[in-house]
Amino acid sequence: MRDLTNEILELIRRTSSDLPQDVEKRLHAAVENEAPGSAARGAFETILKNVELSRKNSSPICQDTGTPIFYVKTPEGWSTLKLKQQIRTALAEATKRSYMRPNAVDAVSDKNSGNNLGGDDFPYIHFDEVEGDELTIELMLKGGGCENVGAQYSLPDNRLGAGRDLAGVRKVVLDAVQRAQGQGCAPGILGVSIGGDRGTGYVKSKEVLLDKIGTRNPDPKLAELEERLTSEANQLGIGPMGFGGKTTVIDTKIIGLSRLPASYFVTISYMCWAYRRRKMTVKGDEVLYD
Amino acid sequence: MRKITIPIRDETILSLKVGEPVALTGVMITGRDTVHKWLIETFIKKTRPPQGEDLQVYEALKPILGGGVIYHCGPVVSGLDTKQYKFVAAGPTTSIREEPYQADVMKHFNLKGVIGKGGMGAKTLKGCQEVPGVYFHAIGGAATLIAQSVTRVLGVYKLEFGVPEAVWVIEVKDFPVVVTMDAHGQSLHEVIEKDSARVLADLLAK
């Protein structure tokens, strides 16, 4: 089996320092909507300058290099045990090179491991075996500020008058955005899962964020809700950093899951504007980065 | 943009208003969750006895914090092996987590400015009026850009808290911020919170 440690190190470097084009494009568009001289416009201008500089310097876009979440899809014949070891080695090396901040803190002793390697679940790695001959590794870096404003609602929610239907989903998602204010580094991207249990709800609300901005759910009802939520969230006027402004949410992505008859969870993962996700594909001898 | 040097005088603080962009120059420290808890427990509420070099660190921090600024930041730092420290990425972290502590820390040290992101609550706003002090908002996520305004790392205390949580003493030049909470009881965050709550109520009624 081929050793991918160096290729994974490159994936980490790119993810931390090079914001994906689809995100940057939306940020460029958002600047133009804010009034000249406003704090909101100033915030976007600073954000875009930083995006450019980080890419040039191979330095982290945000100092909070987040929880490293890896999604690995392997064709038959790859050892997930070895891949896990290679990912961990690459992550420790990336930390040494200052692509990543040492972010794994033991929650009981408060000790920072210093190399981004915590227990078995830090970094978090999902493995899936797939058909075909391509191996893909996707990496998402999700900072703590935006992770802290994620929310899970159990419907019905009497406070918000939210019942167990898409109208209820709409209400709780808007509530979550209002409660987040600028704390999650707005403008945000919303990953929403409907259903599941408390655990899968959060897992899937993150996974849905791997899709490109503007990708709509194939179900027209959910696609419509995605667009409506983005537009209504922007009416809240929270704006970049919570300074007030036209763009509070860049995009919304919804996934529907199975649920128990007794449960109806709506889970919102809030992704900050520094929406760091990258993919590498290994096909034969070739390694491609998106 | 208005340029202000640290330490900051009261009359300067009192002249600052919400919405004003400012460029800060001088010496400040970073301090976030662990540092605030440690300062409160060890030196302010004294619920925990000083340990190790705590007292020496306290004496070293007093003159920096008096009239000074604390930055809610957990930086990415290079040169850890050689101690030739350099800030690589250093944007602000979310400030609201320090809400239980901030006003008391400001009063204890006569701290004039707090830099962070996301704003703070009523207790800190009241602290800003009493000290007087202000809350400066830096742009979250703009870490590489902000690190460029850190001209030198002068030293580090409490590195045992880990790199992000340590007290880094830094010299900054034209560090870009916006005043979002002033010493006159005004808070941009309070205004946006109230306005967005009103819009939300209308949307939920639909």
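Visitor: How many residues does each chain put into the contact between A and B?
Guide: In this predicted model, chain A contributes 45 residues to the contact and chain B contributes 40 residues.

Visitor: And on the B side, which elements give two or more residues?
Guide: On the side of chain B that touches chain A, those elements are strand E4 (76–78), strand E5 (86–89), helix H6 (143–147), strand E9 (167–181) and helix H7 (188–205) of chain B. The largest share comes from H7(B), with eleven residues.

Visitor: Let's look at Gly140(B). Where does it sit, and is it buried or exposed?
Guide: Gly140(B) lies in the loop between strand E7 (134–137) and H6 of chain B, and it counts as buried because 34 other C-beta atoms lie within 10 Å, where 20 or more are needed.

Visitor: Which residues does it touch?
Guide: Leaving out residues up to four places away in sequence, Gly140(B) touches Gly145(A), Cys185(A) and Met241(A) in chain A, and Gly91(B), Pro92(B) and Lys117(B) in chain B.

Visitor: Cys185(A) is on that list. What about its backbone?
Guide: Cys185(A) has a positive phi of about 60°, although it is not a glycine. Most residues other than glycine have a negative phi. Cys185(A) is in the loop between helix H6 (166–180) and strand E5 (188–194) of chain A, and it is buried, with 32 other C-beta atoms within 10 Å.

Visitor: What of Lys83(B), buried or exposed?
Guide: Lys83(B) counts as exposed, because it has 9 C-beta neighbours inside 10 Å and the limit is 12 or fewer. It is found in the loop between E4 and E5 of chain B, and its phi is positive, about 65°, although it is not a glycine.

Visitor: Where are the cis peptide bonds you'd point out?
Guide: One joins Phe122(A) and Pro123(A), with omega about 0°, and Pro123(A) lies in the loop between helix H4 (80–96) and strand E2 (124–129) of chain A. Another joins Ile6(B) and Pro7(B), again with omega about 0°, and Pro7(B) lies in the loop between strand E1 (2–5) and helix H1 (10–15) of chain B.

Visitor: Switching to helices, how do H4(B) and H5(B) pack?
Guide: The axes of H4(B), residues 102–109, and H5(B), residues 122–130, come within 8 Å and cross at roughly 15°. The two helices are therefore roughly parallel, as the angle is under 35 degrees, and H4(B) passes H5(B) in a right-handed crossing.

Visitor: Which residues meet there?
Guide: From H4(B), Gln102(B), Ala103(B), Met106(B) and Lys107(B) meet Lys123(B), Thr124(B), Lys126(B), Gly127(B) and Glu130(B) of H5(B). The residues of this contact divide into two nonpolar, three polar and four charged.

Visitor: Last one, H3(A): what covers its buried residues?
Guide: The cover includes helix H1 (5–17) and helix H2 (21–33) of chain A, together with strand E2 (21–30), H6 and E9 of chain B. Among the buried residues themselves are Arg41(A), Phe44(A), Ile47(A), Asn50(A) and Val51(A).

Visitor: What span should that helix have, and what do its ends give?
Guide: At 1.5 Å a residue, the 19 residues of H3(A), 39–57, should span 27 Å, and the end C-alpha atoms are 27 Å apart, which agrees. The helix is followed by Ser58(A), whose phi is positive, near 50°.

Definitions and conventions
Residues numbered from 1 in each chain as written. Chains lettered and ligands numbered in written order. Predicted model: local features only at pLDDT ≥ 70, side-chain atom pairs only at ≥ 80, totals over all residues. Contact = placed C-beta atoms within 7 Å. Helix = DSSP H or I, 4+ residues; strand = E, 2+ residues; numbered from the N terminus. Axes fitted to C-alpha atoms, helices over the stretch in contact; angles between N-to-C directions. Parallel < 35°, antiparallel > 145°, perpendicular 65-115°, else oblique. Left-handed = near helix turned anticlockwise from the far one by under 90°. Nonpolar A, V, L, I, M, F, W, Y, C, P; charged D, E, K, R; others polar. Expected span 1.5 Å × (residues − 1).
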